[in-house]
Amino acid sequence: LQRDAKGQYLFDLLCHHLNLLEKDYFGIRFVDPDKQRHWLEFTKSVVKQMRAQPPFTMCFRVKFYPTDPAALKEEITRYLVFLQIKRDLYHGRLLCKTSDAALLAAYILQAEIGDYDPGKHPEGYSSKFQFFPKHSEKLERKIAEIHKSELSGQTPATSELNFLRKAQTLETYGVDPHPCKDVSGNAAFLAFTPFGFVVLQGNKRVHFIKWNEVTKMKFEGKTFYLYVSQKEEKKIVLTYFAPTPEACKHLWKCGIENQAFYKLEKSSQVRTVSSSNLFFKGSRFRYSGRVAKEVMESSAKIKREPPEIHRAGLVPSRSCPSITHGPRLSSVPRTRRRAVHISIMEGLESLRDSAHSTPVRSASHGDAFAAPGRSGRAESSERVAVIADENYSPADSVLPTPVAEHSLELMLLSRQANGAPCSIEEEKESEAGTPAAAEAEEVGGELRALCPGAGGLGAAQAEQVNKFVLSVLRLLLVTVGLLFVLLLLLIVLTESDLDTAFFRDIRQTPEFEQFHYQYFCPLRRWFACKVRAVVSLLIDT
């Protein structure tokens with residue numbers, strides 16, 4: 001990658017590799033050394049956006065969820081969106097009732113292994129795959145029942161299409177959660193969906209605001225403000241607090257991009273947005289892509305032979321498959337589930353602390369957004385093993401995508417090495433199989449380095465102090481500069497021939513006459529002499 005290559009170049013290269021035309025729904029995500037998530041900005045240099053050293057790890061993700069994914073023009077686009085929503089389901093970001101969960105899982109099963117075959121699929125075959133963070137035997141039997149009796153004959157494309165149609169009807173479709181706290185100190189998750197802004201607390205949606213009701217978004221430090229104008233000219237300001245200023249800025253930028261994409265009619269209507277009312281303070285940001293309406297119009301004009309989609313056979317591994325041009329991975333087999341069950345559940349629990357855009361912290365410093373404590377590892381594993389029949393909630397709260405996805409056994413390995421839960425560093429797709437002992441020890445050493453101690457906290461505090469000092473210095477510099485410019489402007493106007501009562505009164509004061517004859521006139525003569533000398537030198541040469 002050339003040093004000056006823009007993000008757009010890299011994204012276009014990737015989409016060309018995937019043979020993807022409807023690419024505006026997707027983006028590239030990466031994690032900086034402070035464990036803060038970012039979307040790659042296409043108008044800026046890739047290398048300048050990366051604060052880490054190469055090689056860089058980035059992830060291809062759905063950035064703007066289609067309003068109607070079933071209406072996408074090409075099957076390759078629907079397939080990639082299907083993979084993303086399947087991933088959301090596995091990580092507990094897509095919440096639904098048990099009946100809906102069983103149907104969605106059955107669609108995934110039909111797409112991956114095809115029709116039920118008694119010779120190939122023995123009793124309990126659905127339990128070999130983990131579609132959600134939590135399973136119950138009753139749910140597994142329901143999944144197998146639907147797969148056997150209702151989905152026979154459906155092709156992978158049809159099953160994926162039906163999966164998208166069902167997922168699109170759920171309240172948390174398209175949710176990419178940002179952990180925050182409200183003014184009362186209660187933990188909440190903010191998210192932007194194709195239909196508007198949502199606030200989730202626990203498993204409940206406490207606020208839903210349509211995009212046409214959102215008038216403004218801004219942030220100051222860790223504080224995020226959402227200005228809402230509802231019916232009868234009722235204006236509301238919602239205030240939330242992010243864990244770090246960087247997380248708050250990421251939340252604000254995501255909101256600006258989502259509102260522009262879903263609300264505007266044309267990309268020419270996009271304007272540069274400032275996070276502050278003062279021109280010399282705050283951040284400025286502008287969405288650089290096309291809007292949803294333009295993307296749909298462009299998709300309707302696509303006329304080509306449908307590209308081939310490489311769907312591989314069943315490979316027992318994680319629930320999150322690879323993209324195209326490689327084996328299509330499925331889920332965690334039952335033979336490995338018991339061994340890593342505790343690590344899975346504790347990993348999901350610990351992710352509340354690191355959450356979507358929160359920097360990873362050690363156990364001693366990561367309880368700012370923690371859920372109620374667990375009495376013990378064994379008790380926790382028993383408590384979360386079964387879910388209620390009335391309402392399927394794959395996690396006690398909406399969970400973010402983990403920052404990295406090494407093999408699930410490595411979670412347990414990390415805990416044994418550190419003696420405490422530790423969130424994972426960066427987004428990577430998992431690989432099938434268990435690492436060898438030497439590789440496990442090597443990765444375990446790497447994972448031990450991912451839990452910063454008190455020194456990391458002190459560095460973060462020092463960085464915040466430095467940012468505050470720089471902000472104050474910038475304010476002073478701008479103030480002095482403005483005063484200097486105003487002084488020069490006043491001198492030029494008073495020394496000009498402009499004849500107004502205000503300037504006449506100033507010119508008649510003794511102080512101005514003294515300044516004029518003792519300072520201004522000599523300075524003007526000296527400046528004129530220098531100009532003549534320079535002009536003469538230029539003429540001679």
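Visitor: Which residue in E3 stands opposite Phe-26?
Guide: This is a predicted model, and what follows is computed from its atoms. Strand E1, which covers residues 26-31, is joined to E3 by 5 bridges, and the two strands run antiparallel. Within this pairing, the residue of E3 that stands opposite Phe-26 is Val-62.

Visitor: In what order do the 3 strands of the open sheet lie?
Guide: Strand E2 (37-39) and strand E3 (58-62) each have a single partner strand and stand at the edges, so one side of each is left without a neighbour in the sheet. From one strand to the next, the twist averages 35°. The pairing is antiparallel, and the order of the strands is E2-E1-E3.

Visitor: At about what angle to E1 does helix H1 run?
Guide: Helix H1 is made of residues 7-18, and it lies across two strands of the sheet, E1 and E3. Relative to E1, the helix runs at about 120°.

Visitor: How many residues apart in sequence are the parts that Asp-12 and Lys-23 tie together?
Guide: Asp-12 and Lys-23 form a salt bridge in which the closest N and O atoms are 2.9 Å apart. Asp-12 has a relative accessible area of 29%, while that of Lys-23 is 26%, and since buried means under 20% and exposed means over 50%, Asp-12 is partly exposed and Lys-23 is partly exposed too. Asp-12 belongs to helix H1 and Lys-23 to the loop between H1 and E1, so the parts tied together by this pair are separated in sequence by 11 residues.

Visitor: With which residue does Asp-34 form a salt bridge?
Guide: Asp-34 is partly exposed, with a relative accessible area of 32%, and it lies in the loop between E1 and E2. Its partner is also partly exposed, at 47%, and lies in the loop between helix H2 (46-49) and E3, so the pair ties together parts that are 17 residues apart in sequence. The closest N and O atoms of the bridge are 2.7 Å apart, and the partner of Asp-34 is Arg-51.

Visitor: Does Lys-218 count as buried or exposed?
Guide: The side chain of Lys-218 meets that of Glu-220 in a salt bridge, with 3.8 Å from N to O. Glu-220 counts as partly exposed at 40% relative accessibility. For Lys-218 the relative accessibility is 10%, and because the cut-off for buried is under 20%, Lys-218 counts as buried.

Visitor: How many salt bridges does the structure hold?
Guide: Some salt bridges share partners, and in this way Arg-29, Asp-88, Arg-93 and Asp-176 are joined into one network. For the structure as a whole, the number of salt bridges is 16.

Visitor: Which residue in the turn of the E8 and E9 hairpin has a positive phi?
Guide: Strand E8 (residues 214-220) pairs with strand E9 (residues 223-230) in the antiparallel sense, over 6 bridges. The hairpin has 2 residues between its strands, and the one in the turn with a positive phi, of about 65°, is Gly-221.

Visitor: How many of the 6 residues of strand E6 are buried?
Guide: Strand E6 (residues 196-201) pairs in the antiparallel sense with strand E5 (residues 187-193) over 5 bridges, and in this pairing Thr-193 stands opposite Gly-196. E6 also pairs in the antiparallel sense with strand E7 (residues 204-210), over 6 bridges, where the bridge partner of Leu-200 is Arg-205. Strand E6 is mostly covered, and of its 6 residues the number that are buried is 5.

Visitor: What is the area of the nonpolar surface patch that includes Leu-473?
Guide: Leu-473 is found in helix H13, which covers residues 454-495. The patch is made by Val-465, Phe-468, Val-469, Leu-470, Val-472, Leu-473 and Leu-476. Its area is about 660 Å².

Visitor: What percentage of the residues of the protein count as buried?
Guide: The protein has 15 helices and 12 strands, and it exposes about 27800 Å², of which carbon and sulfur atoms supply 56%. Among the contacts with a separation of 6 or more, 67% are accounted for by residues 24 or more positions apart. Of the 541 residues of the protein, the share that count as buried is 47%.

Key:
Residues numbered from 1 in each chain as written. Predicted model: local features only at pLDDT ≥ 70, side-chain atom pairs only at ≥ 80, totals over all residues. Heavy atoms only, no water. Pairing = 2+ DSSP bridges. Helix = DSSP H or I, 4+ residues; strand = E, 2+ residues; numbered from the N terminus. Axes fitted to C-alpha atoms, helices over the stretch in contact; angles between N-to-C directions. Contact = heavy atoms within 4.5 Å. Patch = residues over 30% accessible without salt bridge, like charges linked within 9 Å, V, L, I, M, F, W, Y side chains within 5 Å. Areas by Shrake-Rupley, 256 points an atom, 1.4 Å probe, with all protein chains shown as cover. Salt bridge = Lys/Arg side-chain N within 4 Å of Asp/Glu carboxyl O. Buried < 20%, exposed > 50% of the residue type's maximum accessible area, 1.4 Å probe, protein only.
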